[in-house]
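Work through the exercises below with the sequence and the model side by side. Try each task before reading its solution.

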Amino acid sequence: MLMSRISMKASLFYSMLALGLLTLVTGFVLYIWPHGQRAGRLIFFGIDKTAWAEWHTYISLAAIALIVVHMVENRKCVDIYVKTTLGKA
C-alpha cells in the first residue's frame, strides 16, 4: 500500500514536471515565432503556429489539472503551509 502511494506521488510529480517543461518549450516557441501576415504559414518541426498555440493551451490545462490533484493529494501539507504563513500575519 505504501509503495503504491509513493509511486503514485512520484508519477504525479514527474508528470507535472514533464508538462511544465512542455509548457515552457511551447511558450518559448510561440514567443520567438515571427508576427505578421505570413507568420501563420511558417512551419516549425512540422507544426504551424495555430497548432503550437493549441498544444500550448492543452498542455497548460493538463498541468493545471495535475497541480490541483497534487494539492488535493497533499492537502494536509497545504493546510499547514497556509496556517503557518497566514497565521503570523
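## Exercise 1: Met-71

At 43% relative accessibility, Met-71 is classed as partly exposed. The cut-offs are these: buried is under 20% relative accessible area, exposed is over 50%, and partly exposed is in between (1.4 Å probe, protein chains only).

The model is predicted: local features need pLDDT of at least 70, side-chain atom pairs count only at pLDDT 80 or more, and totals for chains, interfaces and linings use all residues. Residues are numbered from 1 along each chain as its sequence is written, and side-chain values use heavy atoms, with hydrogens and water left out.

Task: Find the place of Met-71, then its C-alpha separation from Met-8.

Solution. 
- Step 1. Met-71 is in helix H2. Helices are DSSP runs (H or I, at least four residues), numbered from the N terminus.
- Step 2. Met-8 is 63 residues from Met-71 along the chain. Their C-alpha atoms are separated by 14 Å.

## Exercise 2: Helix H2

Task: Which residues of H2 are buried, and what span should its 25 residues have?

Solution. 
- Step 1. Take the length. The expected span of a helix is 1.5 Å times one less than its number of residues. For the 25 residues of H2 that gives 36 Å, and the end C-alpha atoms are 36 Å apart, so the two agree.
- Step 2. List the buried residues of H2: Ala-51, Trp-52, Ile-59, Ser-60 and Ala-63.
- Step 3. Check two of them. Ser-60 counts as buried because its relative accessibility is 18%. Ala-63 counts as buried because its value is 12%.
- Step 4. Look at the side chain of Ser-60. One of its polar atoms lies 2.7 Å from the backbone oxygen of His-56.
- Step 5. Recall a rule. An α-helix has 3.6 residues a turn, so residues three or four places apart point the same way.

## Exercise 3: Helix H3

Task: How many of the 12 residues of H3 are buried?

Solution. 
- Step 1. The count is 0, so H3 is hardly covered.
- Step 2. Compare the reach. From first C-alpha to last, H3 covers 16 Å, close to the 16 Å expected at 1.5 Å a residue.
- Step 3. Ala-63 is 15 residues away in sequence and 18 Å away in space, C-alpha to C-alpha. For Tyr-14 the values are 64 residues and 19 Å.

## Exercise 4: Aromatic rings

Task: How many aromatic pairs does the structure hold?

Solution. 
- Step 1. The structure holds 1 aromatic pair. The ring centres of Phe-13 and Tyr-14 are 5.1 Å apart and the planes are at 70 degrees, so the pair is edge-to-face. Rings of Phe, Tyr and Trp (its six-membered ring) pair if their centres lie within 6.5 Å; planes under 30 degrees apart count as stacked, over 60 as edge-to-face and the rest as tilted.
- Step 2. Phe-13 counts as partly exposed, because its relative accessibility is 46%. Tyr-14, at 54%, counts as exposed.

Technical notes: Helix = DSSP H or I, 4+ residues; strand = E, 2+ residues; numbered from the N terminus. Polar contact = N/O pair within 3.5 Å; in protein donor to acceptor, adjacent residues only side chain to side chain.
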